[in-house]
Amino acid sequence: MSDDSTPVLRADGAAAPKEGPRSPVLRAEGLVKTHYGEGAPAYAVRGVDLAVRQGEFVAITGPSGAGKSTLLHLLGGLQRPDSGSIWLDGECADKWSEARWAVERRKRLGIVFQFFNLVSDLSVADNVELPALLAGVPPKRARAERAELLAELGLAGKERSMPGELSGGEQQRVALARALVNRPPLLLADEPAGSLDSKGTREVMRLLSRFHQRGQTIVLVTHDARLASAADRVISFFDGRIADDAELDGGTPSRRAGISGVLELRD
Amino acid sequence: MRLPLLALLARGPAHGYELKQDLEQTLGSAYPQPNVGQIYVTLGRLEKQGLIEGEDVEQSSRPNKKVYHLTDAGREALRAWFEEPEDEPRVRDEFFMKLALAPQTGLADQIALINRQRRQYLNTMRQLSKLAGAEDRDNRIAHLLIEGAMLHLQADLDWLERCQEELEELE
């Protein structure tokens with residue numbers, strides 16, 4: 001990561017992420033994206049450098065309109081940058097066509113969205129198996145993977161349900177199963193709890209943490225600091241740029257006044 | 001500390017160590033727990049004020065323990081406590097002072113201050129998430145306490161975001 005091109009402010013004491021001997025799962029350099037619609041152009045992403053190592057759980061937070069969803073879409077090849085480069089597992093994606101991106105997304109990336117984006121006239125089982133079958137996985141194995149994931153996500157018995165018959169939280173779990181069915185090295189999540197109540201939010205948080213503990217690399221975009229605090233690195237995104245990039249220490253909670261002090265605002 | 005101890009004694013007589021355990025169990029791990037020394041000191045004061053009375057109970061192989069019970073005056077003090085609403089939380093202003101005064105000093109950058117403060121809040125948020133995960137699922141009071149702390153922090157983080165938006169425009 002280079003800090004030269006963007007005004008990255010690092011507070012003292014926090015270590016910048018170091019690249020290990022292996023290529024980062026994801027690397028981006030100089031990403032720029034401007035939306036041209038009616039009215040003035042919107043500078044959504046204005047020069048972003050980023051590296052995500054294997055096994056990291058990175059949250060990107062910031063106010064709505066800061067461009068964080070656009071950034072995630074660039075990272076997943078759902079939109080193309082005006083300039084800048086992306087590497088997945090060390091492989092440059094600059095010259096990939098739409099079709100190539102679609103193929104690579106099935107192999108290398110799982111994506112979950114705020115509104116689940118399930119196929120409404122396919123059953124839960126078919127929604128989850130579809131990306132596996134499209135990726136050429138034999139049907140028998142696709143079924144086995146699907147069964148395992150649905151059980152894991154507490155959805156056993158819902159295989160034949162249609163998405164519309166499920167609660168929001170259940171639909172998001174189906175979306176998570178679909179995103180993970182091909183065991184992608186990287187999971188991208190765009191406001192995955194954005195349309196869920198607080199119980200659904202806690203559930204998503206718990207599941208993301210669980211997959212992360214098993215080694216899943218995750219990049220999560222959220223405006224919800226509670227969700228972001230499940231990550232071990234938080235990037236604050238403002239006005240199309242990285243304003244801060246902090247490792248959370250994750251130390252064991254101490255009994256010092258700091259934690260409980262939150263409850264005692266009257267100093 | 002005084003009133004919570006009175007409240008615990010309203011259920012029935014207890015000795016100091018029992019009260020400490022009761023408090024811990026009810027409030028969960030997120031709440032700052034008084035040490036047993038503080039509890040004994042407070043009990044001594046409450047007794048002097050006539051709000052509780054202690055009674056020595058003999059123990060076979062150990063020194064006597066003192067079992068306290070609530071007096072009528074204590075019950076009245078407790079009732080008054082429940083009658084009164086508490087002050088609303090006032091925003092701690094030390095950080096605000098730094099933010100407001102930094103530019104004149106030339107010693108600190110406002111955006112750097114905000115970023116450092118955000119890291120602090122995010123780390124606390126993470127610790128609270130961990131506490132919530134470790135807390136007994138059935139202890140609703142303890143979970144509500146943690147959730148309250150998280151919502152306060154969320155508000156603080158939102159406010160930092162507002163500060164950043166406003167102050168970056170000026171740059």
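Author: Two strands count as paired when DSSP finds at least two bridges between them. Keep that in mind as we walk through this model, which is a predicted one.

Reader: Happy to. What makes β3(A) and β9(A) a pair?

Author: Strand β3 (residues 57-61) of chain A and strand β9 (residues 233-238) of chain A share 4 bridges, in the parallel sense.

Reader: Why is β3(A) called mostly covered?

Author: A residue is buried if 20 or more other C-beta atoms lie within 10 Å of its own. In β3(A), 5 of the 5 residues are buried, hence the wording. Side chains in a regular strand alternate between the two faces of the sheet. Here both faces are covered: Phe57(A), Ala59(A) and Thr61(A) are buried on one side, and Val58(A) and Ile60(A) are buried on the other.

Reader: Let's move to chain B. What makes α5(B) a helix that lies largely in the open?

Author: None of its 12 residues is buried: the number is 0, so α5(B) lies largely in the open. This helix covers residues 94-105 and reaches 16 Å from its first C-alpha to its last, close to the 16 Å expected at 1.5 Å a residue. Gly106(B) follows α5(B), with a positive phi near 70°.

Reader: Why is chain B said to be more spread out than a compact globule?

Author: First, its make-up: chain B has 7 helices and 3 strands, in the order α-β-α-α-β-β-α-α-α-α. Its radius of gyration is 22 Å, whereas the globule rule gives 16 Å for 171 residues; 22 Å is well over that, so chain B is more spread out than a compact globule. Along the principal axes, its C-alpha atoms fill a box of roughly 75 × 35 × 30 Å, and 26% of its residues count as buried.

Reader: Which domains does the domain assignment give for chain B, and how far apart do their centres lie?

Author: The assignment gives domain 1 (2-83) and domain 2 (94-170), with C-alpha centres 35 Å apart. Their contact takes 6 residues from domain 1 of chain B and 9 residues from domain 2 of chain B. On the domain 1 side there are 3 nonpolar, 3 polar and no charged residues.

Note on methods
Residues are numbered from 1 along each chain as its sequence is written. Chains are lettered from A and ligands numbered from 1 in the order in which they are written. This is a predicted model: local features need pLDDT of at least 70, side-chain atom pairs count only at pLDDT 80 or more; totals for chains, interfaces and linings use all residues. Helices (H or I, at least four residues) and strands (E, at least two) are DSSP runs, numbered from the N terminus. Domain bounds come from an automatic or database domain assignment. Two residues are in contact if their C-beta atoms, placed from the backbone, lie within 7 Å. Ala, Val, Leu, Ile, Met, Phe, Trp, Tyr, Cys and Pro count as nonpolar, Asp, Glu, Lys and Arg as charged, and the others, Gly among them, as polar. The expected span of a helix is 1.5 Å times one less than its number of residues. The radius of gyration is taken over C-alpha atoms; the globule rule is 2.2 Å times the number of residues to the power 0.38.
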